[in-house]
Amino acid sequence: MWVFAEADDKGVKFEDEEVERCGELLFCGGTSWDTLGRKGYLRSPHGNLISPTRLRPLIGVNIRYVAAGCVSFHCVALDVEGRAYTWGKNTKGQLGHGDMINRDRPTIVFGLSGHKIIKAGAGRAHTVVVTDDGKSFAFGWNKHGQCGTGSTRTEFLQSPVSSQVSEVTNVVCGGDFTVWLSSVEGSSILTAGLPQYGQLGHGTDNMYNTKSASVQLAYEAQPCPKAIAAFAGSTVVKVACGTNHTVAVDSKGLVYTWGYGGYGRLGHYEQKDEWTPRAVNFFLRKVLPPNAIVAAGAHNSAVTGGGGQLYMWGKMKVTTGDDWMYPKPLLDLSGWNIRCMDSGASHNFVGAEQSCISWGHALNGQLGYGPEGPKSTMNPKKVDILEGMHVMSVACGSVYSMVVVDRTNAGDKLDQLDVYEGKPFEEGTAEPKAESPAPKKAGAIASYKKTKKSKDSSESAEPKAKGPAPKEDGAKASSNKRKNFEDTSESENEEDESDSENGSDGDENGHVEEKYRGGGSAGKSSGAKEPAAGKGTGRTRGRLPSAEKESTQLLVRNWWKERQAKKSHEEHKTITNWTTSLWLH
């Protein structure tokens, strides 16, 4: 998610004037909402808009704000009259239309018709908006309390519900959590949702064991927005969220990060998780100007410093290259007057001067280079079709990008762009169920076993006696429990479909779930190289509770002592007999 701060070519802010500025929304990337994000469908070539394209329902509509999340598959746009438009995947009710039917076309959220919406945020499967009178409403997935309603009793909120916050000025969403900025003194930043990696900033991950006789770990949801105590004496003015990490800037220009630390996305020269806000040392010497931009993607973080210089840290290249463990200037964009920026699952978009620039790993056309351009590039490159247009704001989703351009200086360039009609709502369908070949496979295996059993019984009338299967010892069983938890706990926090990362390395903090924790328990999704083991604070997710751990260790220790004592006794007996025999002879 991104925070917008507009400046002219001379570096003069006109942030207040931006409230009245508006433009045309352009879209590029994947539009097959029924299949995007599901296993086996992420690289589907169907429904991709590989060039910036106008959307038929929004032609002529004055858009002033767009919102998306680095793991989201739905879009939010706000017009100057305060209406909210949503479209895309709707499997959890995240579009707010009172149903769970995907929508191909931008549709007004009529449940918000009595309010003027000025800000919005989009998470993995939830949406939160802010009104001009400081209220906040949310809809979508609420399993972890990310909607801030004070309860998780209703898991799917298909229509807007009021969040328990007041005097709200801005909102951004991570994967399964939400951050609000407020004008209340001493409570300038509040968070709610999933605390698994410490991304809420309250000093804990709220982990507990759900069963007494076995290891079944879970994370206690935080449904009530709670102010971060570390900022009680300061005021947070800008914030951005990745999938499981947060970046914030206070009124003094200092940068703070917390949450998941994999790939160095927190900028602290190490990969451990941070459960409370920690100042980024690099910016203690270079405080940010008032018009700085803050952005966070699935794997990285970014801010603009003095003179518009862009600094980034985290994983810069999906498949190759070293991680940036601390902020470094992106030299390819040195000298550019950057007005807006956002990062998605594995791509980035920037609006600077009269150009639009993008780069990253993309398989759905979200870089907007068109049929003649490259699908992916690791170096910033201009989007040629938008050259000469004034880009007012950008937003990057998981596999798509949205750009708002000023109509006043676009001339007839907009008329040269393609127009996407989209399917009418009547043709929209609910999420299709994936067909699975499992039953056939199971049937084949059963048939094979049956044939093999028949063959074995025909060969011999007397079945061979088989001893009982050896039982696992306590340590091995405990190890297996822990491994099973680490393999499954992440998927429980996600949607039913796989939110894998556009063919990239895949940490949860992509479309995927990251299992690495501070203690070095690396969470890997396919093809990703995780940070080296042994780094961090030792707060390893999936660790056995101390009582069970001590019990298991005691069991193993006693078994080992008994085995050694028995072995020693047998050896002593053998030596004694041998010595006696030798003495008698």
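Start with Cys356: at 0% relative accessibility it counts as buried, a label that here means under 20% relative accessible area, with exposed over 50% and partly exposed in between (1.4 Å probe, protein chains only). Its sulfur is 7.5 Å from the closest cysteine sulfur, in Cys340, so that is too far for a bond. Bear in mind that this is a predicted model, where local features need pLDDT of at least 70, side-chain atom pairs count only at pLDDT 80 or more, and totals for chains, interfaces and linings use all residues. Residues are numbered from 1 along each chain as its sequence is written, and side-chain values use heavy atoms, leaving out hydrogens and water.

What about disulfides, meaning pairs of cysteine sulfur atoms within 2.5 Å? Searching the whole structure turns up 0 of them. Cys173 is in no disulfide either, and the nearest cysteine sulfur, that of Cys241, sits 7.4 Å away. Cys173 is also buried, at a relative accessible area of 2%.

Now for the nonpolar cores, each a set of buried Ala, Val, Leu, Ile, Met, Phe, Trp, Tyr and Cys residues joined through side-chain atoms within 4.5 Å. The largest has 30 residues, and Phe283, Leu310, Met312, Leu333, Met341 and Trp359 have the most contacts inside it. Elements giving two or more residues to this core include helix H1 (282-285), strand S19 (245-250) and strand S28 (355-360); these are DSSP runs numbered from the N terminus, helices being H or I with at least four residues and strands E with at least two. Strand S24 gives the most to this core, with 4 residues.

Leaving aside neighbours within four places in sequence, Phe283 is in contact (heavy atoms within 4.5 Å) with Leu254, Val255, Leu288, Val303, Tyr311, Trp313 and Pro327.

Terms used
Disulfide = S-S within 2.5 Å.
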